[in-house]
Structures are given as structure tokens and as C-alpha cells.
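The exercises below concern a single protein model.

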Amino acid sequence: MAPPPFVVLEPEVDSPVLVEVPHAGTYVDPETARLLVAPARAITQDADLLVDELYADAPAVGATLLAAKHSRYVVDLNRDEGDVDGGSVQGVPGLLRASRGVIWRLTGDGKPVLAEPVARAELERRLALVYRPYHAALAGLIARKVRRFGHAVVLAAHSMPSVGLSSRGARAPRADVVPGTRGRTSADARYIDAVEAEARGAGLSVAHDDPYRGGFTTLHYGRPARRVHVVQVELARRLYMDEAALEASPRFTETRRFCRDLTAAIVAASLA
């Protein structure tokens with residue numbers, strides 16, 4: 001049986017905080033699967049695997065948890081729905097430099113995802129199946145929290161490969177924690193600083209906006225002037241998993257505890 005597009009878990013005692021996990025899902029529906037040429041391993045490798053489990057304690061510390069269940073190969077929830085090109089959708093001119101819009105055409109390793117660009121009707125099907133319901137839920141939860149508390153804080157929970165290309169083009173280890181706030185514009189300083197304080201208190205290294213400044217959720221919803229704050233938090237996968245075996249490592253429990261403490265710190269800051 002196909003899973004729902006997402007699940008929402010509410011805390012017993014509510015707060016302004018929402019943890020959203022858009023990329024941990026690995027489910028691919030049959031219609032999408034027929035159009036994929038990416039190897040099966042890539043579906044798991046390009047997911048933010050286990051991040052929903054890392055933040056499973058969010059409701060216990062007062063935050064709502066929103067977690068998607070479908071693979072980003074179905075549709076990428078951290079992109080604008082109009083972020084398409086001729087390599088991903090038929091009849092669209094040009095190619096995106098990034099090659100990974102709302103419909104991915106290349107895997108994280110640079111291999112083809114699609115046998116051919118999908119039809120516009122297929123794009124619309126995926127948007128209606130997963131994308132629009134997810135963002136309707138996300139927007140609705142944010143609006144509810146603003147009405148109740150006067151503001152909302154979104155912790156956009158992600159993970160990243162532990163090694164990537166540096167600004168000089170060489171492969172290099174990434175920081176343990178990357179808060180993405182588009183140059184500290186998507187959230188009040190107290191939430192950004194709370195992420196850094198928790199990370200450094202746990203002995204973790206921090207690099208703001210490097211290499212990820214925040215995606216669609218950060219850009220679209222992060223409006224401090226409108227009382228909505230968004231911090232994207234990327235965790236290096238070495239903190240909790242064996243990246244070759246694609247499974248949890250002995251450090252998983254420790255990192256889950258960090259994610260619980262991080263969420264609790266954001267909740268405390270939101271209620272101060």
C-alpha cells in the first residue's frame with residue numbers, strides 16, 4: 001500500500017515551532033518508477049535518509065513534526081513548482097544549470113534520473129499527488145501557529161554528504177552542521193544563534209550557508225517581518241550513518257539526542 005504524501009505529528013503542549021522533513025522519504029509510486037533509469041541505490045543515497053527518525057522526538061519537546069514519505073525523485077518539495085527545464089519536462093525551453101529542480105534529471109552523482117523528460121501531464125500529476133498537499137499542510141501549520149502564538153518558527157531538517165566540492169573545486173570535508181538562512185535573512189538572530197550554540201555546545205563544527213543557503217522553504221516562507229522564521233539545518237551524514245552502507249551508525253543515538261536538544265532550544269527561544 002502506498003504511504004500518504006506526508007505525516008503530521010503534533011505535540012501534547014504546542015509551541016510556535018514546526019520541524020519539517022521534506023527529503024527523508026524513499027517511496028516511489030509505480031507511475032514514477034516506470035520513467036526512472038536511476039539505479040535503485042540512488043533513491044536511497046539521494047534521500048536525507050533517517051532524518052525523520054533523528055527528529056522523531058520533536059513532538060515530545062513541543063514542536064510539530066511534518067515529514068514527507070515520497071522520494072525526491074517523485075517531486076522535490078524544497079523547490080518551486082515552476083522550477084523545471086527542458087531536460088526534465090517536455091516542452092519547456094532551456095536547461096537549468098543546477099539540473100535538479102522540482103523534477104530531478106540527474107542524480108547526486110551526476111547520472112540520469114529520467115529515461116526522457118516527463119510529459120506536462122505527469123508533472124501535474126506529481127504536483128497534485130505530493131507537492132501541493134505537502135505545501136498546503138506546511139502553510140496551514142505555519143498560519144495556525146502565527147494565529148495562536150503571534151509567530152512561527154520552522155526548522156527545515158536536512159542532511160548532506162559529509163564530503164563535497166569546496167569553493168576551490170576540490171573535494172573536502174564539510175562542517176558538521178550548516179545553518180542555511182540566506183545570509184541571516186530568513187530568521188531572527190536568536191533562532192540562528194540558538195542553532196550554532198547547540199551545535200558548538202555538542203562539540204560540532206558549524207559553517208553558515210556553506211554550502212547550502214536554504215532552498216524553497218527558506219526563501220518562500222522565511223519572512224521575519226511577517227513573523228515567520230525559517231532556519232534550514234543540514235547535518236553531515238557522518239554524524240549518524242555509514243554513508244557507504246546507507247544505514248545507521250553507532251553514533252545515531254547520540255545525534256538523535258542532539259536533534260532533540262536542538263529542537264528543545266528552538267522551542268525555548270520561541271517562547272521567551
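The model is predicted.

**Exercise 1.** Locate serine 88 and determine whether serine 88 is buried or exposed.

*Solution.* Begin with the position in the chain: serine 88 belongs to the loop that joins β3 and α4. Next, consider the relative accessible area, which is 2% for serine 88. The cut-off for a buried residue is under 20%. Serine 88 is therefore buried. Finally, list the contacts: setting aside residues up to four places away in sequence, serine 88 touches Ile103, Arg105, Leu114, Pro117 and Val118.

**Exercise 2.** Describe the surroundings of serine 71.

*Solution.* Serine 71 lies in the loop between β3 (64-68) and α4 (120-149). Its relative accessible area is 2%, so serine 71 is buried. Then turn to residues beyond four places in sequence: serine 71 touches Gly25, Thr26, Tyr27, Val28 and Ile43.

**Exercise 3.** Identify which members of the largest nonpolar core touch the most other members, and which elements supply the core.

*Solution.* The largest nonpolar core has 39 residues, and Val19, Tyr55, Val177, Val233, Leu235 and Ile266 touch the most other members. At least two residues of this core come from each of β2 (17-21), α3 (51-54), β3, β4 (152-160), α5 (189-201), β8 (228-236) and α7 (252-271). The largest share is that of α7, with seven residues. As a further step, take tyrosine 55: with neighbours within four places in sequence left aside, tyrosine 55 is in contact with Val19, Leu65, Leu155, Ala157, Val233, Leu235, Cys259, Leu262 and Thr263. Another core lies apart from the largest one; this other core has 36 residues, including Val75, Val92, Trp104 and Leu114.

**Exercise 4.** Characterise the largest pocket by its volume, its lining and the classes of its lining residues.

*Solution.* First, the volume: the largest pocket holds about 1200 Å³ of space. Second, the lining: 41 residues line the largest pocket, and Arg100, Trp104, Pro161, Arg174 and Tyr212 lie nearest its centre. Third, the elements: α2 (40-45), β4, β5 (163-165), α6 (216-221) and β8 each contribute at least two lining residues, and β5 gives the most, with three residues.

Note on methods
Residues are numbered from 1 along each chain as its sequence is written. This is a predicted model: local features need pLDDT of at least 70, side-chain atom pairs count only at pLDDT 80 or more; totals for chains, interfaces and linings use all residues. Side-chain values use heavy atoms; hydrogens and water are left out. Helices (H or I, at least four residues) and strands (E, at least two) are DSSP runs, numbered from the N terminus. Buried means under 20% relative accessible area, exposed over 50%, partly exposed in between (1.4 Å probe, protein chains only). Contact means heavy atoms within 4.5 Å. A nonpolar core is a set of buried Ala, Val, Leu, Ile, Met, Phe, Trp, Tyr and Cys residues joined through side-chain atoms within 4.5 Å. On a 1 Å grid over the protein atoms alone, a cavity is a set of points where a 1.4 Å probe fits but cannot get out, and a pocket is an open set with protein on both sides within 12 Å along at least five of seven lines; lining residues have an atom within 4 Å of a point. Grid points are joined across faces, edges and corners, and a volume is the space filled by probe spheres set on the points. Ala, Val, Leu, Ile, Met, Phe, Trp, Tyr, Cys and Pro count as nonpolar, Asp, Glu, Lys and Arg as charged, and the others, Gly among them, as polar.
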